[in-house]
Amino acid sequence: MIQLNQRCFCFVVEPAAANRVRMPSPWSLDEPMSPHELREMRDFFWNTAPKARRGRRVIWEALRDAAECRDLDVKQSLLDMHNIRLGNPDMTICIDGSGTRYKLPMYVLSDPTNLN
C-alpha cells in the first residue's frame, strides 16, 4: 500500500504487503522431461548464473535457497534476511539492496505440470 504523506510530500511504502512471496502459477514445458533432466537444467542454471549474469554470488546463493524451499514463511525469511525485494511475487524478478535485478526462470522456481 502506498500512502502520500502531505506534510513532507514523500511516499511511504509498506514493504510487508508489497514484498510477500507466493508460489508460482502452474505452468508446463513445451516438451515434457524427466525429473532427472529438470534437475540437470536447474543445476546448470544455478552453477552458471553467478558467472554469466550480473549480481553478487551471495544473492544468487540466497535466491537458490529460497527457490528450492517449499515453505513460504522460510522462503520469505531468506529473502528478507538478504534484503531482496520482489519485482514479481513469484520470484521471477528479484532486486537486491543495490538495485541489481535478478531474473529467474520458472523451471527453477517450481515443477511443471507435465513432468514425466
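Student: Which residue with a positive phi follows H4?
Tutor: This is a predicted model, in which local features need pLDDT of at least 70 and side-chain atom pairs count only at pLDDT 80 or more, while totals for chains, interfaces and linings use all residues. Residues are numbered from 1 along each chain as its sequence is written, and side-chain values use heavy atoms, without hydrogens and water. Helices (H or I, at least four residues) and strands (E, at least two) are DSSP runs, numbered from the N terminus. Phi is near 55° in the residue that follows H4, Asn83.

Student: Within what arc do the buried residues of H4 fall?
Tutor: Buried means under 20% relative accessible area, exposed over 50%, and partly exposed in between (1.4 Å probe, protein chains only). In H4, residues 72-81, the buried ones are Lys75, Gln76, Leu78 and Leu79. They line one face of the helix, because their directions down the axis fall within an arc of 160°.

Student: Which exposed residues does the face of H4 turned away from its buried side carry?
Tutor: The buried residues pack against helix H3 (57-68) and strand S3 (85-86). The face turned away from them carries the exposed Asp73 and Met81.

Student: Which residue caps the N-terminal end of H4?
Tutor: Look at the backbone nitrogen of Asp73. A side-chain oxygen lies 2.9 Å from that nitrogen, and it belongs to the capping residue, Asp71.

Student: Which residue in S4 is the bridge partner of Leu86?
Tutor: S3 and S4 (residues 93-95) pair in the antiparallel sense over 2 bridges. In S4, Leu86 is bridged to Cys94.

Student: How many disulfides does the count come to?
Tutor: A disulfide is a pair of cysteine sulfur atoms within 2.5 Å. Cys69 is buried, at 14% relative accessible area. By the sulfur rule, the count of disulfides is 0.

Student: With which side chain does that of Ser110 make a polar contact?
Tutor: Ser110 sits in the segment after helix H5 (106-109) and is buried, with a relative accessible area of 10%. A polar contact pairs N or O atoms within 3.5 Å; within protein, one must be able to donate a hydrogen and the other to accept it, and residues adjacent in sequence count only if both atoms are side-chain atoms. At 2.8 Å, the partner side chain is that of Trp27.

Definitions and conventions: Arc of directions from axis to C-beta. Contact = heavy atoms within 4.5 Å. Pairing = 2+ DSSP bridges.
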